[in-house]
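Subject: Structure handover

Hello,

The structure we discussed follows. My notes on it come after, in the order in which I would read them.

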Amino acid sequence: MREEGLLNCAQAGLVLDVSTQRVSELVRLRKLTRFEFFGRPYVSLREVGDRLAQQSKGRAAKAEFWSALVNNSESCELKATLFQVGAEAFSAKARRKRK
C-alpha cells in the first residue's frame, strides 16, 4: 500500500492541529502507523490525511448541532438552562481561585 510520503511527528501535529504528544499517542493507539528511519519516527501522509478528513467531518457535525441548537426558537429553555449551568460552573471556579 502506498503511503504517499512520510511526516515526522511535529509535521503531523501541525497538519492535524494537535501536539506532538497527541501524535505519539495516536501511534501508540494504532490510529497511525509508525515508520522508523535512522532512529526517527515518522507517520504516513495518507493516514494523516484520512485522519484530518475524519476530524473535519466531526467538527462540521458538531458545529451543525450547535448552530441548530442556537437557531432553534423552541430551544430557548434549553439554552437558558445551559447558560445557567455554565454561569454556575464559572462562579464556582472563580470562588475556588479566590481561596
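In which helix is the place of R22? R22 sits in helix α2; helices here are DSSP runs of H or I with at least four residues, strands are DSSP runs of E with at least two, and both are numbered from the N terminus.

Before the rest, the background. This is a predicted model, in which local features need pLDDT of at least 70 and side-chain atom pairs count only at pLDDT 80 or more, while totals for chains, interfaces and linings use all residues. Residues are numbered from 1 along each chain as its sequence is written, and side-chain values use heavy atoms, with hydrogens and water left out.

Overall make-up

The protein chain has 4 helices and 3 strands, and along the sequence they follow the pattern β-α-α-β-β-α-α. Of its 99 residues, 19% count as buried (buried is under 20% relative accessible area, exposed is over 50%, and partly exposed is in between, with a 1.4 Å probe and protein chains only). Taking contacts between residues at least 6 apart in sequence, 51% join residues at least 24 apart; contact means heavy atoms within 4.5 Å.

Back to R22

With a relative accessible area of 28%, R22 is partly exposed. Leaving aside neighbours within four places in sequence, R22 is in contact with L29 and R51. The C-alpha atoms of R22 and C9 are separated by 9.1 Å, and the two residues are 13 apart along the chain.

The first two helices

Two packed helices are described by the angle between their axes and the distance between the axes. Helix α1 (residues 9-16) and helix α2 (residues 20-28) pack at about 100°, with axes 8 Å apart. Axes are lines fitted to C-alpha atoms, for helices over the stretch in contact, and angles run from 0 to 180 degrees between N-to-C directions. The angle makes α1 roughly perpendicular to α2 (65 to 115 degrees; under 35 is roughly parallel, over 145 roughly antiparallel, and the rest oblique). On the α1 side the contact is made by C9, A10, A12, G13 and L16, and on the α2 side by T20, V23, S24 and L26. By class, this contact has 6 nonpolar, 3 polar and no charged residues. Here Ala, Val, Leu, Ile, Met, Phe, Trp, Tyr, Cys and Pro count as nonpolar, Asp, Glu, Lys and Arg as charged, and the others, Gly among them, as polar.

The sheet

An open sheet of 3 strands has the order β1-β3-β2, with antiparallel pairing; two strands pair if DSSP finds at least two bridges between them. Its edge strands are β1 (6-8) and β2 (34-37), each pairing on one side only. Neighbouring strands are turned by 45° against each other on average, direction ignored. Strand β3 (residues 40-44) is joined to β2 by 4 bridges, and F37 has R40 as its bridge partner in β3. Helix α1 packs on the sheet, touching β1 and β3, and its direction makes about 95° with that of β1. Between β1 and β3 there are 3 bridges; the partner of L6 in β3 is S44. The hairpin of β2 and β3 has 2 residues between the strands, and F38 takes a positive phi near 50° there.

The core

The largest nonpolar core has 10 residues: L7, C9, A12, L16, V23, L26, V27, L32, V43 and V48. Such a core is a set of buried Ala, Val, Leu, Ile, Met, Phe, Trp, Tyr and Cys residues joined through side-chain atoms within 4.5 Å. Helices α1 and α2 each supply at least two of its residues. Not counting residues up to four places away in sequence, V23 touches C9, A12, G13, V18 and L32.

One more residue

Q55 lies in helix α3 (residues 45-71) and is buried, with a relative accessible area of 18%. Q55 touches L16 and V18, not counting residues up to four places away in sequence.

Regards
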